[in-house]
Structure formats: C-alpha cells, structure tokens
Amino acid sequence: MPEVDTREYYDDFSTSYDRMRDSPYHRMLDELCIEIAAPYARGHRVLELGCGTGRILGPLDQMAAEAIGVDFASGMVAQAKSRGLDARHADLCELPFPDASFDLTCSFKVLPHVPDARRAIAEAARVTRRTGHLILEVYNPISLRYLAKRLGGARPVGEGTRTEAEVPTRWDTRRAAVALLPEDTALVDHYGVRIFTPFAGVHRVPLFGDVLRMAERTGMRSPLRSLGGFLVLLVRKT
C-alpha cells in the first residue's frame, strides 16, 4: 500500500485515537510501556518515535530532562502539540537529528507498521548516544494476541469505514526482531506485554479485569514474557 495512504489512515485516526485508547485495556498497555521506559528516561534526553497523540510522550516528558516526539502523520502531531508536547513531523527512516542526540530512543506499537523497520531501527540507533538505550516494541506471532487477530479478522478503526487491514503489519519473534538490530547495539533484556489477555474487552469486567491487569504486570518480566503479544526489547548502544 502506498505510503500516502498509510499517512492518511493515521491522520483520520488521530481525531478519535484518544477516545478509543481511553479504555482499561489500552491504559494498561500505556502504563506498562511507561513503566519499562521510566528508569532510562528519568532525568535524560528522550526521543519517542511514532509518538501519536502523546499518550506515552506526556508522562515521559514529566520525568525526562527533555522529551521530543516525532510522527509522520500531521494529525497525530497536531494532537500531541495541543497537549503542550514537543512533537515534530518527521519520517522515522530519516530523522532530523544529529548523531548521538538522545540518551533514550523508544518506539511503541509503531515499528510493525514501518515498511523498512531495519532502516528505522538503524536511524534510532544513530541518534542514540554511546551507552544510551533503545526501547523497541514489536508484535509477537507466538501469542494469544496473534491468534485473536487471525480468528477475529481486521477490526474497524476510528469513526469511518477504515480497518486495520489498510496498514501493513509485520510480526516478529524475539529472534527475528534481534536480527534487525544494528551491529553497534546489543540486546540487554526483553519484556512481554499482553500475555494472558484473550481479547481487550475482558478488561472491562469488574474485578476480573483488575486481577488480569495485575497478572499482566507480573508476567511482563516472568519466564512467560516471550509469549507477550507485544515484545519490548531493551537495547544498549555499544
């Protein structure tokens, strides 16, 4: 699918993105990502790739010395700027920053939709200083989430007729994701997000949803982490 179509998709999505993401399930996903990033963001210079409307960039901005977000969809950037965040329009494969500009470069739920993920990761590494960190999230095919997607088919997004099928999506095991890393980086650790959740709606069930969210937070660092629907790689720039 041409890149311009993908950009239009996210521009359209930006008008309802926050409303759709303000659910117990999506709040949990954001909170776990922020929890992973916090130790490496606090007091440092941070870049978020594909910042969207700023749902993660906002909390990171409160703890970082400086936090900048980039997104290729102008609608998303406008929404993030309306929150008072430093959000900029940019291509993830051609970042407008000098080498070694950031202590932490992170990306959540974006790389699976970038046609040239390897190049985007190389750019992320380029703008990260030596001994700095990258936090990169990929979609895991060895997970309940992948099974649910296969069985449920493409869901509608936003308030129009668009569906998830309009955006190219890649699924990578941990080994496949590590193979995308540049030579001047090294995997430090990985986390699994959404290990036990069969489908998002169960988080709305009273009490059960609370228990499930506690299980997800505990499982994120457990031996079951490689079964997370989202794999979050902690990478160090060597």
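Select Trp 171 to begin: its relative accessible area of 26% makes this residue partly exposed, a class lying between buried (under 20%) and exposed (over 50%), computed with a 1.4 Å probe on protein chains only. The model is a predicted one, in which local features need pLDDT of at least 70 and side-chain atom pairs count only at pLDDT 80 or more, while totals for chains, interfaces and linings use all residues. Residues are numbered from 1 along each chain as its sequence is written, and side-chain values use heavy atoms, with hydrogens and water left out.

The structure holds 4 aromatic pairs. In one of them, the ring centres of Phe 97 and Phe 102 are 5.1 Å apart and the planes stand at 90 degrees, so this pair is edge-to-face. Rings of Phe, Tyr and Trp (for Trp, the six-membered ring) pair if their centres lie within 6.5 Å; planes under 30 degrees apart count as stacked, over 60 as edge-to-face and the rest as tilted. Phe 97 is buried at a relative accessible area of 8%, and Phe 102 is buried at 1%.

Return to Trp 171 and select Tyr 146 with it. Their ring centres are 4.8 Å apart with planes at 75 degrees, so this pair too is edge-to-face. Tyr 146 belongs to helix α7 (residues 144-152) and Trp 171 to the loop between α7 and α8 (174-178), so the contact ties together parts that are 25 residues apart in sequence. Helices here are DSSP runs of H or I with at least four residues, numbered from the N terminus. Tyr 146 is partly exposed, with a relative accessible area of 23%.

Two charged residues can then be shown. Lys 109 lies over the face of Phe 230, 4.5 Å from the ring centre, and Arg 145 lies over the face of Tyr 139, at 4.4 Å from the ring centre. Such a placement requires NZ of Lys or CZ of Arg within 6 Å of the ring centre and within 35 degrees of the ring normal.

Now display the cysteines. The structure holds 0 disulfides, a disulfide being a pair of cysteine sulfur atoms within 2.5 Å. For Cys 51, the nearest cysteine sulfur is that of Cys 106, 9.9 Å away. Cys 51 is buried, with a relative accessible area of 4%; Cys 93 is buried as well, at 11%.

Finish at helix α5 (residues 74-82), whose buried residues are Gly 75, Met 76, Val 77 and Ala 80. After α5 comes Gly 84, with a positive phi near 80 degrees.

Notes:
Helices (H or I, at least four residues) and strands (E, at least two) are DSSP runs, numbered from the N terminus.
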